[in-house]
Amino acid sequence: MSARSPFWPLIAAATTLIVVHGFGRFIYTPLIPLLVSDGLLTLQQAAQLATWNYVGYLAGAMIALFAYQNGWGRSALLAGVLGNAVITVMQIGADYFPYMAGLRLANGITNGVVFVLAPALVLEWLAVRNKATLSGLMYLGVGVGLLLSNQIVESTAIWLQGNDRWIPAAIISLPLALWSGIYLYRLSSGDAPVSRDDHSALWDKQSTPLFLSYFGAGLGYILPMTFLPAVAQEWNIDVTPSPWLIAAIASVPAIFIWNSLGNRLGDRNALILNYTVQAASIGAIFILPGTEQGLWLCAALMGGSFLGAVFLTQRLARAIHPHQGPRLSAALIALYGVAQLLGPIVAEAGIHLGATLASTFIWGLGACVWALVLMLRVASTKR
């Protein structure tokens with residue numbers, strides 16, 4: 001295969017996202033009701049662990065920016081993906097809550113580092129070769145990771161207990177992290193010239209509505225993507241197939257769909273449609289409360305849209321600021337990370353005040369509407 005072929009860089013970036021997002025982060029969502037049933041956590045503690053993970057995610061984005069600006073980007077990426085896999089191993093047998101919180105914090109840090117540096121590196125590699133329109137395909141790693149994590153949890157639910165439920169993910173993560181980390185480390189040092197950061201202002205009249213819209217998207221998606229299985233448990237519904245499986249299945253073809261829509265309609269117009277779908281997703285929880293149909297519709301629409309918002313925003317932002325490199329990715333992830341941090345905080349506060357977990361989703365619905373309204377103010381930009 002040609003050295004200019006995007007196949008292996010895309011596969012390597014996707015593999016890092018399987019490790020850090022599929023096995024490191026999002027596997028926690030289907031695990032929540034099981035860990036609560038095992039007596040290892042309360043629902044409030046589960047929300048606290050999610051909060052620590054998002055704090056780490058935000059910190060990791062800032063560390064990635066610092067590492068890149070000091071010439072340590074390649075090393076930070078390799079350390080991040082390997083460290084994330086090791087942290088997943090360390091989850092096994094952890095039953096002391098402060099230790100568990102520390103691991104979720106460390107997982108978030110390494111996830112943030114990788115989620116900035118790996119996609120930014122490969123996006124620049126593709127852009128130099130006039131293949132940036134393929135960039136959305138690397139996020140297949142998140143979709144595949146969601147599917148694999150769901151299958152791992154469901155297939156081992158009967159014969160594993162407590163934090164031993166992390167064992168299968170830990171075994172798979174290590175070799176994937178080793179291969180993808182080393183490949184991207186060599187890619188960036190060899191044949192991946194990147195555009196130089198011109199250090200111009202990120203926030204200007206053109207980009208500010210886009211960034212604020214993305215902030216809304218972060219809060220909008222994180223509540224269902226963290227707590228849908230727990231909502232099913234709250235409603236006393238034994239849902240088969242699980243909402244998480246529906247979301248995972250929907251996320252894989254969605255990558256191709258939103259990548260194609262972005263190329264045909266323009267990334268700005270595709271994002272307007274995307275945020276409409278996300279708002280409809282959360283609206284299903286309130287239109288069809290206490291039903292399997294409400295859970296399935298929410299899962300299908302959110303699973304089939306949230307990844308599109310990520311890479312469409314990255315591409316549109318890069319079209320506005322074409323010479324920002326990982327600084328742009330770090331800024332976007334910081335915004336998304338702060339918004340995601342608010343999600344479990346809102347859920348925990350609502351539960352503490354006596355609200356149902358499902359009712360806290362109203363904040364996510366409002367955030368999606370916020371994102372949609374602001375996106376209408378973003379000017380169309382040709383890549």
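Reader: Where is Asn236 found?

Author: Asn236 is found in the loop between helix 8 and helix 9. Bear in mind that this is a predicted model.

Reader: Okay, and is Asn236 buried or exposed?

Author: Asn236 counts as exposed, because its relative accessibility is 72% and exposed means over 50%.

Reader: What about the phi of Asn236?

Author: The phi of Asn236 is near 60°, a positive value in a residue other than glycine. Most residues other than glycine have a negative phi.

Reader: Why does Pro241 count as partly exposed?

Author: Its relative accessible area is 33%.

Reader: How far apart are Pro241 and Trp296?

Author: Pro241 and Trp296 are 55 residues apart in sequence, and their C-alpha atoms are 8.6 Å apart in space. Trp296 is found in helix 11 (residues 292-303). At 24% relative accessibility, Trp296 counts as partly exposed.

Reader: And what separates Trp296 from Gly80?

Author: Trp296 and Gly80 are 216 residues apart along the chain, with 34 Å between their C-alpha atoms.

Reader: New topic: how much space lies in the largest pocket?

Author: The largest pocket holds about 450 Å³ of space.

Reader: Which residues lie nearest the centre of the largest pocket?

Author: Those are Pro33, Leu34, Glu154, Asp238 and Ser242, out of the 19 residues that line the largest pocket.

Reader: Which helices supply the lining of the largest pocket?

Author: Helix 2 (28-37), helix 6 (140-156), helix 8 (208-234) and helix 9 (243-265) each supply at least two residues of that lining. Helix 2 gives the most, with 4 residues.

Reader: How many nonpolar, polar and charged residues does the lining of the largest pocket have?

Author: The lining of the largest pocket has 12 nonpolar residues, 5 polar ones and 2 charged ones.

Reader: Let's go to the surface. Which residues form the nonpolar patch there?

Author: The nonpolar patch is formed by Val86, Val89, Met90, Tyr96, Tyr99 and Leu174, and together they have about 540 Å² of accessible area. Helix 4 (residues 73-90) gives the most to the nonpolar patch, with 3 residues.

Reader: Tell me about Met90, then. Where is its place?

Author: Met90 has its place in helix 4. At 36% relative accessibility, Met90 counts as partly exposed.

Reader: Last one: is Ser180 buried or exposed?

Author: Ser180 is buried, because its relative accessible area is 0% and buried means under 20%. Ser180 is found in helix 7 (residues 167-189). Along the chain, Ser180 and Ala279 are 99 residues apart, and 35 Å separates their C-alpha atoms.

Methods
Residues are numbered from 1 along each chain as its sequence is written. This is a predicted model: local features need pLDDT of at least 70, side-chain atom pairs count only at pLDDT 80 or more; totals for chains, interfaces and linings use all residues. Side-chain values use heavy atoms; hydrogens and water are left out. On a 1 Å grid over the protein atoms alone, a cavity is a set of points where a 1.4 Å probe fits but cannot get out, and a pocket is an open set with protein on both sides within 12 Å along at least five of seven lines; lining residues have an atom within 4 Å of a point. Grid points are joined across faces, edges and corners, and a volume is the space filled by probe spheres set on the points. Ala, Val, Leu, Ile, Met, Phe, Trp, Tyr, Cys and Pro count as nonpolar, Asp, Glu, Lys and Arg as charged, and the others, Gly among them, as polar. Patches are made of residues with over 30% relative accessible area and no salt bridge: like charges are joined within 9 Å, nonpolar side chains (Val, Leu, Ile, Met, Phe, Trp, Tyr) within 5 Å. Accessible areas come from the Shrake-Rupley method with a 1.4 Å probe; for residues, only the protein chains shown count as cover. A salt bridge is a side-chain nitrogen of Lys or Arg within 4 Å of a carboxyl oxygen of Asp or Glu. Buried means under 20% relative accessible area, exposed over 50%, partly exposed in between (1.4 Å probe, protein chains only).
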